[in-house]
Amino acid sequence: MKKELKEEMQRDELASGLERLVAWAARHRDELRIGMLVLVVLAGALLALAHFREERVREADRALRDALTTFEAPLSAEIPAGGERPSGAVFATAEEKYKTAAAAFEGVERRYGSQAAGLRAKYFAALSRLELGQYAEAEKGLKEIQARGAGLEPDLARLALADVYRRSGQTDKAVEAFRSFASNPSASLPRDHALMSAARTLEDASRFAEARAAYRQVAEEFPASVFAAAARTRADYLATAG
């Protein structure tokens, strides 16, 4: 009996509460109508914003793909005589190609700098400047990406920056950059490749004893690497050649 009475009281309280809510809604129906309208407008604005952002991402990705197509386009001299001409752009010189690519990538970066595609475009713009022999411009862009910390693009920039030093004749800086990358266990790119690049840089600079040691380091520290066999071969060759 007490249980039934308690349940009856709870039902009465619920009914009373609902009645009060209905009465309050009746007294404030204009405010509620406005509130619902505001909610509808906000929901619409959020949906529009989400659509806009998705469209911006798609636009950025398309622009980046177009710029990459230019970066990877063939030169006319690379097309075999009598061979079928590619449907895309073909450039007469490497300079023309990489100038066009650099401008395209930098345009993507300007328009979509806050997006992933903008950062990737900045990286490829620096690579284009590197191919043009514009080492200072390439170094500046790569250092800005590297300064972002960890991640794929900063690591790509670190390796590319080492290549800038190598190609500009700054052997010590190149080797140091390659070795620094190879010694980083949290690197997101293969460290054996970086160490192999350091060895090749030393060999190209005719620093054969250092190169031999670096090749041996590749084989010893990364025995399962795809570079291990070649590294042992180069180390053995330099030992006899030296």
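This is a short tour of the structure, from the whole chain down to single side chains.

The model is predicted, so local features need pLDDT of at least 70 and side-chain atom pairs count only at pLDDT 80 or more, while totals for chains, interfaces and linings use all residues. Residues are numbered from 1 along each chain as its sequence is written, and side-chain values use heavy atoms, leaving out hydrogens and water.

**Whole chain**

Show the protein chain as a cartoon. There are 10 helices and 0 strands; helices (H or I, at least four residues) and strands (E, at least two) are DSSP runs, numbered from the N terminus. Of the 242 residues, 33% are buried, where buried means under 20% relative accessible area, exposed over 50%, and partly exposed in between (1.4 Å probe, protein chains only). Among contacts (heavy atoms within 4.5 Å) between residues at least 6 apart in sequence, 45% join residues at least 24 apart.

**Aromatic rings**

Select F71, Y98, F105, Y123 and F124, which ring pairs link into a cluster. Rings of Phe, Tyr and Trp (its six-membered ring) pair if their centres lie within 6.5 Å; planes under 30 degrees apart count as stacked, over 60 as edge-to-face and the rest as tilted. The count comes to 5 aromatic pairs. Zoom in on F71 and F105: their ring centres are 5.9 Å apart and their planes stand at 65°, so this pair is edge-to-face. F71 lies in helix α2 (residues 29–71) and F105 in helix α3 (residues 94–112), so the pair links distant parts of the chain, 34 residues apart. Both F71 and F105 are buried.

Move on to Y123 and F124, another edge-to-face pair, with 5.2 Å centre to centre and 75° between the planes. Y123 and F124 are both buried.

**Salt bridges**

The whole structure holds 14 salt bridges, each a side-chain nitrogen of Lys or Arg within 4 Å of a carboxyl oxygen of Asp or Glu. Select helix α5 (residues 135–146), where E139 and K143 are 4 residues apart, about one helical turn. Their closest N and O atoms are 3.0 Å apart in a salt bridge. E139 is buried at 17% relative accessible area, whereas K143 is partly exposed at 39%.

In helix α5, also show K140 and E144, 4 residues apart, whose salt bridge spans 2.8 Å from N to O. K140 is exposed at 54% and E144 partly exposed at 34%.

Last, select R207 and E210, which form a salt bridge of 2.9 Å, N to O. R207 is partly exposed at 26%, and E210 is partly exposed at 38%.
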